[in-house]
Amino acid sequence: MLDSWGRLGAEQHQAHYLHDANSVKDVVSAGPGLARGMGRSYGDVCLNPGGAVWDCLGLDKFIDFDPERGLLRCEAGVLLRDIQLLAVSRGWMLPVTPGSWFVTVGGAIANDVHGKNHHSFGTFGDHVRSLVIQRTDGQRMTCSRDTNQDWLSATAGGLGLTGLIVEAELQLRPVTGPLLDVDTQAFSGLGQFYQMSEDAKASWEYAVAWIDCAHPGSRRGIFMRANHRDVSADNFDSGIPRQFSLPVTPPVSLVNALTLKPFNAAYYRLHKWRAGKSVSHYQPYFYPLDKVGEWNRMYGPKGFYQYQCLIPGTNTEVVVEELLAAISAANCGSFLAVLKTFSKRPAAGLLSFPSEGTTLALDFPNRGLKTHDLFARLDSIVGSVGGRLYAAKDARMPKSLFESGYPRLEEFLAYRDPGISSGLSRRLLGD
């Protein structure tokens with residue numbers, strides 16, 4: 001039985017564990033299935049209910065590392081955590097990283113993950129120099145910017161549907177050490193957020209905001225921007241931080257009407273009080289939730305959904321306000337409400353999520369029909385302006401919204417591997 005990070009319901013799977021890149025062809029060619037890494041996707045992109053999954057965590061070997069040029073070649077099951085721990089102490093780092101380092105290289109490519117620095121470094125796929133995919137028809141293909149470049153574009157953000165990623169070569173970026181200069185500021189409205197975001201593009205590499213979606217008044221929040229320190233640190237990478245875990249799943253969601261407003265108010269006041277400049281290790285800034293193992297249990301036995309949308313264009317404040325108002329009217333909200341802007345950059349993949357605009361991401365406990373009614377309202381707002389939802393986080397978007405939100409979908413379908421299927425592909429592509 002396997003589930004996704006949203007814990008919306010475990011499904012029966014037949015798991016095949018891969019340990020040797022040379023034997024991948026035999027396993028993948030034996031029958032239909034789906035590659036799976038850490039299973040940190042929130043919805044069904046990492047699930048193949050009733051079918052086979054090829055567990056790639058055993059493909060965890062570093063193949064080659066050039067410390068002079070920052071070129072890393074590794075198997076697809078290597079965790080981003082292990083790359084950071086290897087590279088930072090040698091003066092290199094992943095150019096783009098999502099909010100968790102418990103993600104495999106294959107998963108990061110398949111979902112073309114983004115981080116807090118889209119305006120300066122784009123997405124993960126922008127830094128993949130080459131990769132090897134295994135197709136279910138037995139073909140093993142090398143894709144790079146010189147060879148089969150179209151397959152590279154289809155696979156980056158291709159939701160694992162073009163073939164099993166066996167290995168990849170990544171271009172890392174130089175850093176002086178593990179420390180960041182961080183500037184934290186409170187804002188009291190969306191206008192302030194957008195001004196801070198615009199100002200950050202000129203001189204800050206990382207920028208992200210938390211917004212209090214439960215506050216009935218102004219759209220208050222916390223804006224956090226950061227740069228790598230210009231000087232090396234005596235205290236270099238200290239390794240994996242101490243982690244504590246939620247030991248059990250509570251009988252009801254800890255995110256509810258009684259806890260949401262007090263928690264958000266306390267979070268806002270604490271960070272407003274701490275506002276200003278500070279120095280931070282990269283781990284708590286990039287991966288704040290990773291110090292809490294199994295944090296997804298706090299939503300109780302029914303699990304949770306993450307709703308992450310993109311509102312395209314440069315004038316998006318009115319639409320974001322409409323989304324937040326709909327959430328407030330439904331008496332719903334989130335502890336984890338993230339707001340950030342994307343820049344105008346060419347997409348790395350045919351189905352890449354980031355594009356010029358504003359992205360809003362929120363977690364909602366599964367409250368059944370009430371939650372889905374809210375999502376229908378949010379979908380209507382997003383769809384009316386040509387927006388899209390992030391497939392890596394999705395467990396329920398309508399097929400029509402997927403088709404309208406990803407205009408290169410038809411082009412992508414030419415690269416589909418017919419022997420690969422997922423819950424998401426059956427739901428949105430009609431497999």
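Helices are DSSP runs of H or I with at least four residues, numbered from the N terminus. By that rule, Leu80 belongs to helix H2. The model described here is predicted.

Helix H2 spans residues 80–87. Its buried residues are Leu80, Arg81, Ile83, Gln84 and Ala87. Viewed down the axis of H2, these buried residues fall within an arc of 165°, so they line one face of the helix. Among the strands are E4 (62–66), E5 (71–75), E6 (92–93) and E9 (164–171). Helix H3 (105–110) and helix H8 (282–286) also contribute to the cover.

Leu80 has a relative accessible area of 0%. Buried means under 20%, so Leu80 counts as buried. Beyond residues up to four places away in sequence, Leu80 touches Leu94, Thr97, Pro98, Ser100, Trp101, Val103, Thr104, Val105, Ala108 and Phe124. One of these contacts, Ser100, is 20 residues from Leu80 along the chain. The C-alpha atoms of the two residues are separated by 8.5 Å.

The largest nonpolar core has 113 residues. Ile83, Val105, Phe124, Leu170, Leu172 and Tyr285 touch the most other members. Ile83 is also one of the buried residues of H2, while Val105 and Phe124 are among the contacts of Leu80. Leu172 is in contact with Phe65, Gly70, Leu72, Ile83, Ala87, Trp92, Met93, Leu94 and Pro95, leaving aside its neighbours within four places in sequence. A second, separate core has eleven residues, including Val255, Leu260, Trp295 and Phe304.

Rolling a probe the size of a water molecule over the atoms shows where empty space is left. Five cavities of 30 Å³ or more are found in the whole structure.

The lining residues are Asn111, Gly157, Leu159, Leu351, Ser352, Phe353, Tyr390, Ala391, Ala392, Phe402 and Tyr406.

Leu159, one of these lining residues, sits in the loop between H5 and E9. At 7% relative accessibility, Leu159 is buried. Its phi is positive, about 60°, although Leu159 is not a glycine. Most residues other than glycine have a negative phi. Asn148 also has a positive phi, of about 55°, and is likewise not a glycine. Asn148 lies in the loop between strand E8 (140–144) and helix H5 (149–155). With a relative accessible area of 32%, Asn148 is partly exposed.

Pockets, unlike cavities, are open. The second largest pocket has a volume of about 310 Å³. Of the 17 residues that line this pocket, Ala257, Leu260, Asn331, Cys332 and Gly333 lie nearest its centre. Leu260 is also a member of the second core. Helix H7 (260–273) and strand E19 (357–365) each give two or more residues to the pocket lining. By class, the lining has nine nonpolar, six polar and two charged residues.

How values were computed:
Residues numbered from 1 in each chain as written. Predicted model: local features only at pLDDT ≥ 70, side-chain atom pairs only at ≥ 80, totals over all residues. Heavy atoms only, no water. Buried < 20%, exposed > 50% of the residue type's maximum accessible area, 1.4 Å probe, protein only. Arc of directions from axis to C-beta. Contact = heavy atoms within 4.5 Å. 1 Å grid on protein atoms, 1.4 Å probe; cavity = no way out; pocket = protein on both sides within 12 Å on 5 of 7 lines; lining within 4 Å. Points joined across faces, edges and corners; volume = space filled by probe spheres on them. Core = buried A, V, L, I, M, F, W, Y, C linked by side-chain atoms within 4.5 Å. Nonpolar A, V, L, I, M, F, W, Y, C, P; charged D, E, K, R; others polar.
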